[in-house]
Amino acid sequence: MLTKRLIACFDIRNGMVTKAHKFQDNIDIAKATDMAEKMYQDKIDEIIFFDITASSDRRKIDIDTVRAVAEKVFVPFTVGGGIKTLEDMTEVLKAGAEKISIDSMAVRNPDLIRQGAEAFGRQCVVLSMQVQKVGKSEKIPSGYEIFIDGARTATGLDALDWAKRGEGLGAGEICVNSIDCDGTHDGYDLEITGLIAENVNVPVIASGGAGVPAHIADAFGIPGVSAAIISSMLYSPRIARNYSVKEIKEELIGLGIAMRPY
Amino acid sequence: MIGVIDYKAGNAPSVANALRRVGASFRMVSSPGELEEMTGLILPGVGSAQATMDSLEELDLIGAIKRHVVSDRPYLGICIGFQILFERSQEGHVPCLDLLPGHVKKFDPESVRVPQIGWNRVAFVREDPIWANLPAADYFYFVNSYYVEPDAPDLALGRTEYGHRFCSMASRGKVYGTQFHLEKSAEAGLQVLRNFISISEGDN
C-alpha cells in the first residue's frame with residue numbers, strides 16, 4: 001500500500017536555511033546541506049527547497065547547493081523558485097534534483113508546465129499554487145483565488161480551475177499552499193485542498209499551516225491528499241515547539257495512517 | 001567494472017551519487033564500445049519509454065545492451081530501464097528491447113491516482129542475492145504511471161500493491177529490474193545497489 005509522504009520544506013538564501021515571518025525578518029537556521037542531511041538521517045520521505053538563490057545574483061538558482069544536497073540525500077528532492085525556463089529546469093535536474101516546482105512562472109507562462117512534462121516526464125513537474133480564500137463569485141466559483149509573487153499579486157484565476165488546467169498541461173503533482181494558513185501553525189486549509197484533491201487525478205500535496213502532528217493527520221484524512229509539507233514545526237524558533245520526524249511519524253502511525261516506518 | 005549508461009533522457013547523475021555513497025567503482029558509459037568493456041551495466045530511467053528508447057537509439061546503444069543481457073552479464077534496469085527490458089509498452093505503443101517476455105501497462109486512473117508517487121512496500125517473493133541484508137519486505141520510492149506484467153510468472157522477484165498487486169521487481173539470471181528508484185529509496189535502495197555490485201564483482 002502506498003504510504004503518505006512527509007515532505008520537509010526549506011527556504012534557502014545564500015546556501016542557508018532561513019525562516020521568515022510574514023515575508024521578512026529572515027533568520028538563518030543552518031547550512032542547507034547540513035539540514036538536508038540531518039532530515040535524511042531522520043528518515044524524512046522527501047525534501048523541497050524553495051527560493052534557492054545565489055548571493056551574487058538574486059535571480060540565479062544556486063546550483064552548487066542543489067548539487068551538494070543531491071550528493072548527500074537519497075530521497076526525492078524538489079527545487080522551486082527562480083525557475084523560469086526549460087533550460088533552468090534542465091540545469092536543476094542534471095544537478096541531481098528529481099523534480100522542479102513551478103508557481104508564479106507557471107501562471108505567467110502556463111506552457112512551461114507542458115514543456116517540462118514533455119521534456120522530462122510529468123513526474124518531474126510539481127505545480128505549486130498560492131491560494132487565498134476570497135469568497136465565491138461568478139469569476140471565482142471555488143471561492144479561492146490564485147496569487148503569485150509571494151502572495152502579493154492577485155491573478156483573477158480560480159484555484160480549482162487552475163489546478164485542473166495545470167493537470168491538463170502535464171503537472172505530475174499539485175501542491176496547494178494556503179496563504180491564509182501559512183505561518184499560523186493552526187492547520188492546513190482542508191477545504192480547498194480537499195476540493196482540488198477530489199477534482200484532479202494526480203497526487204495532491206497539502207501545504208501551509210502545520211503546527212502539530214494532528215494537523216497532518218487531518219490532511220491525510222482527506223482521500224487524495226498524498227503528501228504534506230512541513231516546515232516550522234521541524235525547525236522554526238518561532239513556534240511553540242519543534243517536532244522530530246520520528247515523533248511526527250510515530251503519532252501518525254499510531255493514528256492508523258500508512259507511513260514509511262521510522 | 002560497472003557502467004552506468006548516461007543518456008539524455010536518464011538521471012545518471014543521481015544514480016552516480018548513490019553509487020559513490022556505497023563506495024562502488026563505476027564509469028559513466030554512453031557508447032557501444034564503452035558498454036562492451038563493462039562487467040555490469042546499470043540503466044537508470046525517468047520519464048517516458050519513448051524518450052528512453054529514442055535516446056538509446058540515438059547513441060546506438062540498443063545492440064550493445066541486448067548483447068550484454070543475452071549473455072547473462074549483470075544488468076540492473078531502474079524504472080524505465082526496467083520496463084524497456086520487456087516486449088512492448090502500452091505507453092505510446094512503443095516497441096522495447098524484447099529481452100524478457102511481458103508487457104508494460106498503465107495503471108487504471110479509475111481506480112488509483114496516476115502517477116503513483118511515493119514510498120510503497122515491496123514484498124520479496126523468492127530468494128535472491130539481490131536481497132542480501134534486507135528484511136522480507138521493505139519500503140522503496142516509486143514514481144510510475146506504468147507497470148510491468150511479465151508473461152512468465154517466475155520472473156517476478158518483488159510484488160507491490162497499488163490498486164492491485166503488480167510486479168515491482170523481476171529478474172532472470174543476473175538480469176535485474178526494479179520499478180522503484182533505488183537511488184532515491186534511502187538506505188534500502190543503497191543496500192540493493194551494494195548487493196548488485198557484489199553480484200557483478202563475483203562475475204569478474
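Among contacts in chain A between residues at least 6 apart in sequence, what percentage join residues at least 24 apart? In this predicted model, the share is 61%. Chain A contains 10 helices and 12 strands, and the C-alpha trace of the chain spans about 45 × 45 × 40 Å along its principal axes. A compact globule of 262 residues would have a radius of gyration near 18 Å, and the 17 Å found for chain A agrees with this expectation.

Of the 262 residues in chain A, 58% are buried. The chain exposes about 10,200 Å², of which 49% is supplied by carbon and sulfur atoms. Chain A also carries 30 positive and 37 negative side chains, and the centres of these two sets lie 2 Å apart.

In soluble globular proteins, nonpolar side chains tend to be buried together. In the present model, the largest nonpolar core has 159 residues, and those with the most contacts inside it are F10(A), I47(A), F49(A), I196(A) and I216(A), together with I5(B) and I42(B). The largest share of this core, amounting to 8 residues, comes from helix 6 of chain B, which covers residues 186-202. Apart from this core lies another one, of 9 residues, which includes C9(A), I48(A), C175(A) and A227(A). When residues up to four places away in sequence are not counted, I42(B) touches I2(B), G3(B), V4(B), I5(B), V15(B) and L19(B), and also L76(B), I78(B), L193(B) and F196(B).

Several features of the backbone were found in chain B. The peptide bond that leads from V114(B) to P115(B) is cis, with omega near 5 degrees, and P115(B) itself lies in the loop between strand 7 (102-106) and strand 8 (116-124) of chain B. D72(B), although it is not a glycine, has a positive phi of about 55 degrees. This residue is placed in the loop between helix 4 (62-70) and strand 4 (75-78) of chain B, and D72(B) counts as partly exposed because its relative accessibility is 30%, a value between the limits of 20% and 50%. A positive phi, near 50 degrees, also occurs at A186(B), a residue other than glycine. A186(B), however, is found in helix 6 of chain B, and with a relative accessibility of 4%, which is under the 20% limit, A186(B) counts as buried.

D64(A), in turn, is found in helix 2, made up of residues 63-70 of chain A, and D64(A) counts as exposed because its relative accessibility is 57%, which is over 50%. D64(A) and I146(A) are 82 residues apart in sequence, while the distance between them in space, taken from C-alpha to C-alpha, is 32 Å.

Definitions and conventions
Residues are numbered from 1 along each chain as its sequence is written. Chains are lettered from A and ligands numbered from 1 in the order in which they are written. This is a predicted model: local features need pLDDT of at least 70, side-chain atom pairs count only at pLDDT 80 or more; totals for chains, interfaces and linings use all residues. Side-chain values use heavy atoms; hydrogens and water are left out. Helices (H or I, at least four residues) and strands (E, at least two) are DSSP runs, numbered from the N terminus. The radius of gyration is taken over C-alpha atoms; the globule rule is 2.2 Å times the number of residues to the power 0.38. Buried means under 20% relative accessible area, exposed over 50%, partly exposed in between (1.4 Å probe, protein chains only). Contact means heavy atoms within 4.5 Å. Accessible areas come from the Shrake-Rupley method with a 1.4 Å probe; for residues, only the protein chains shown count as cover. Lys and Arg count as positive and Asp and Glu as negative; His and the chain ends are not counted. The place of a charge is taken as NZ of Lys, CZ of Arg, CG of Asp or CD of Glu. A nonpolar core is a set of buried Ala, Val, Leu, Ile, Met, Phe, Trp, Tyr and Cys residues joined through side-chain atoms within 4.5 Å.
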